[in-house]
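Student: Hi! I have a structure open and I'd like to walk through it with you. Could we start with the middle of it?

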Amino acid sequence: MGIKGLTKLLADNAPRGMKEQKFESFFGRKIAIDASMSIYQFLIVVGRSGTEMLTNEAGDVTSHLQGMFYRTIRLLEAGIKPIYVFDGQPPDLKNQELAKRSSKRADATEGLRLAVEAGNTEDIEKFSKRSVKVTKQHNEDCKKLLRLMGVPVIEAPSEAEAQCAALCKSGKAYAVASEDMDSLTFGAPRFLRHLMDPSSKKVPVMEFEIAKILEDLNISMDQFIDLCILSGCDYCDSIRGIGGQTALKLIRQHGSIEGIIENISKERYQIPEDWPYVEARRLFKEPNVIAEDEQEIKWASPDEEGLVSFLVNGNGFSADRVTKAIEKVKAAKNKSSQGRLDSFFKPAASTSIPLKRKGTSCTLGSLKPWGRPKMASIPAFSCWYLPRVSGSARLPSLELSSKHYVPFSRVVCFS
Amino acid sequence: MLELRLVQGSLLKKVMDAIKDLVNDANFDCSSASFALQAMDSSHVALVALLLRAEGFEHFRCDRNISMGMNLGNMAKMLKCAGNDDIITIKGDDGSDTVTFMFESPTQDKIADFEMKLMDIDSEHLGIPDAEYQAIVRMPSAEFMRICRDLATIGDTVVISVTKEGVKFSARGDMGSANIVLRQNTTVDKPEEATIIEMNEPVSLTFALRYMNSFTKATPLSNTVTLSLSAELPIVVEYKIAEMGYIRYYLAPKIEDDEEETKPEA
C-alpha cells in the first residue's frame, strides 16, 4: 500500500516537512478524506471480536456505518469540515497490485478456515482481519449515511487519493487525510495522517507539507515522483536492490529515472523488463480526476428522519444514541461559522532563542523533527512596531549546531 | 541570563488568571525592552498578546532575546503560592531548562524559590498589522464582563453593533433574546466610568460568547476595556496594564454560512 518506506525516509531526510499537530488545531478546516481507506479501517477495528462483527438483524455487517457515523461526528464537533472521496475505477496499472492483494486475501480466508477448525483464537483474529474486503455495498451504505448527515461526498473517477490531492491543490480543501502516503506523490500540498484515529488512542495528527519536504530533500516535484516510484508504489515494480535511501541518492545524482537507468551498473541492478515507470509517472502527474469547477461542495443540515430510519430501523442502531448523535451534528453545524484567526493574520517570524537548550535530539537524521532547535526569528510583539516581516529568516548554521547557538547579531529596539 | 523583579507581584498572578484558561502552553518572549507573550488557543480562533515593558519592573535584565516555553497551568499554580504583597522575581540562566520564580515577603523575612521546568513549544507567531478600526469603544471593564456573562445565559453568540446612538450587544437563544445598549456617557465623576465611542463607520459583527467570557478574566487588571471593531478584522479586546503595557485579545468573527467558499490559504 502506498509508497514503501516513505515515512521513514522523510523522517530521516526532511524532518521539517513533518509536524505533529493537535486534532483541535484543524478547527474550521476543510479536509478531503480518502473514504475507502477509512471504511477499510472501520471494518478491521470497529466492534470486532474474533470473527464476530457488528451486524444488523439481517446479519449484514454494520461496523463501517458505526465507524463512519461516530468518527465523522467527532470531526464535525471539532469544527472540521470533512469531504469524503470514494474510489472509482482503479487504473489498469494497479491490476497487478490488486491481484496480489486479492490473492493474499484468499490466503487469509483459507488460513481463517483452518484456524477456525483448529480453534486457534490468535490466528482467527489475525486472519479474519486480513480477509477483510470493502465491498460495493459498504461503499454505498457509507455514501448514503454521509449524504443523510449533510456531509459532501465525491465519487472519484479513479483513485480517491488523486481526487483528494486535486481538491487540495485547487484550494477547495486545506489538506488531505489518508493513511496512504501516495497522497503526497499525487501532489497534495498538505497531507494528514492519523486524523481518523479514535480519540482514545491519543495519537497526534501528523501533518506533512510537500513544499518543505521538497526543500529539505532538495529535489523537484517530478523528482519526488520518481523517488516514490523507485521506492516502490502500487503501479509498477521497482529496481531490486534500490530502496528509498539509495533512490534519493541516485535521484540527486542523476536527476531522473532515465538518468539513473543510463548510469547505474546493469550487472549490479536488474532493471525490470518492460518497466512501465513512464506510465506510473503519468498516473501520478496527471491522474484521472474531476475538474475543480464541476463539483459543488456543500455542508448541509442533517436529515434527522432519514438518519433514524436508516440507522435505527434499517441497521439496528440504538435509537437513543442516534438521536443524541444527531443533536451533536446540529450543534456542530452552528459552530461551523466561526472563522479562524490565521485567515486574517499571517505567520511571522520571531528572533527569540529558547532559553532551554534543546539536547541532542537535533542531530541530523533524528526521528523527532519537533525536537530540533527553533529557527531564529523576530519576537511576536515586534510585529506591532516593525513593518510586516514576511517569511522566516533561517540561519542554516543554527540547524546543525547542537551545542552552541550562534549569537544573533540583530538587535530589535523598541521606543 | 535573565532577571526580572516585579514589586507588585500580584499583577503577575492576575495576568496568569487572564491567560491560562485560553492557552495551555506558550512561549514567553523576553528582550532587553519587555516581557511578552503571544499565543493562540488550540482551535486557532482567539489570540492573546501580553506586553509588560521593562520600565514597569524594579529591575529588568535580559541580555538577548530569549523565549521560554511554559505550561501556563503549572506556572499559575506556582504563582498562586506567592502572597499578594510579595515581590516576584523571574530568573533564568542561559542553557538551563528551568525558570525560577522567587517570592519575597514585603518585610524580607521570607524568601521562597520555585523552580519550574521549561518546555519546547513549537508555536506559530502571527504578524498583526496595524489597522484603522471602524469603531472603538472604551467602557468600564466590569460592565463589559457583566454584559458578556448575562448574554451567555441567553445564547452562544453576541452581535456587537456600533452606531451613532451607541453600542448594542445582542444575543438570542431557545428561551428568547436580549439586547443591551450602552450610550456614550462622558459626564461621570470618575473618568474610568465613562463610555466613549469613536466611530468612523457603523459596524456589526458576531462573536462566540465563550471566548468573550474567557477574555473578561482580565477584568481585575484594568478598570476599563477597549473594544476595536472593523468589518474585515477580528475584534481586539484590550485591557491596559497601568504603567506597564497591555493584554490584548483577538477573536475571529463568525461568518455567515452562505459565504462558504474557501479563501485561498497562504
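Tutor: A residue is buried if 20 or more other C-beta atoms lie within 10 Å of its own, exposed if 12 or fewer, and partly exposed in between, with C-beta atoms placed from the backbone. This is a predicted model, where local features need pLDDT of at least 70, side-chain atom pairs count only at pLDDT 80 or more, and totals for chains, interfaces and linings use all residues. Residues are numbered from 1 along each chain as its sequence is written, while chains are lettered from A and ligands numbered from 1 in the order in which they are written.

Student: Which residues touch the most other members of the largest nonpolar core?

Tutor: That core has 177 residues, and the ones touching the most other members are Ile31(A), Ala32(A), Val85(A), Val176(A), Ala46(B), Val48(B) and Leu50(B).

Student: What is Val85(A) in contact with?

Tutor: Leaving aside neighbours within four places in sequence, its contacts include Ala32(A), Ile33(A), Ile154(A) and Cys164(A). Contact means that the C-beta atoms, placed from the backbone, lie within 7 Å.

Student: Switching to helices: at what angle do H1 and H11 of chain A cross?

Tutor: The axes of H1 (residues 6-13) and H11 (residues 244-254) of chain A cross at roughly 60 degrees and come within 10 Å. Axes are lines fitted to C-alpha atoms, for helices over the stretch in contact, with angles from 0 to 180 degrees between N-to-C directions. Helices (H or I, at least four residues) and strands (E, at least two) are DSSP runs, numbered from the N terminus. H1(A) and H11(A) are therefore oblique to each other: under 35 degrees counts as roughly parallel, over 145 as roughly antiparallel, 65 to 115 as roughly perpendicular and the rest as oblique.

Student: And which residues make that contact?

Tutor: H1(A) brings Leu6(A), Leu9(A) and Asn13(A), and H11(A) brings Gly244(A), Gln245(A) and Leu248(A).

Student: Now loops. Where is His194(A)?

Tutor: His194(A) sits in the loop between strand S6 (190-193) and strand S7 (205-209) of chain A. Its phi is near 70 degrees, a positive value in a residue other than glycine.

Student: What about Asn218(A), buried or exposed?

Tutor: Asn218(A) counts as exposed, with 11 C-beta neighbours inside 10 Å. Asn218(A) lies in the loop between helix H9 (210-217) and helix H10 (221-231) of chain A, and its phi is near 60 degrees.

Note on methods
A nonpolar core is a set of buried Ala, Val, Leu, Ile, Met, Phe, Trp, Tyr and Cys residues joined through C-beta atoms within 7 Å. Two residues are in contact if their C-beta atoms, placed from the backbone, lie within 7 Å.
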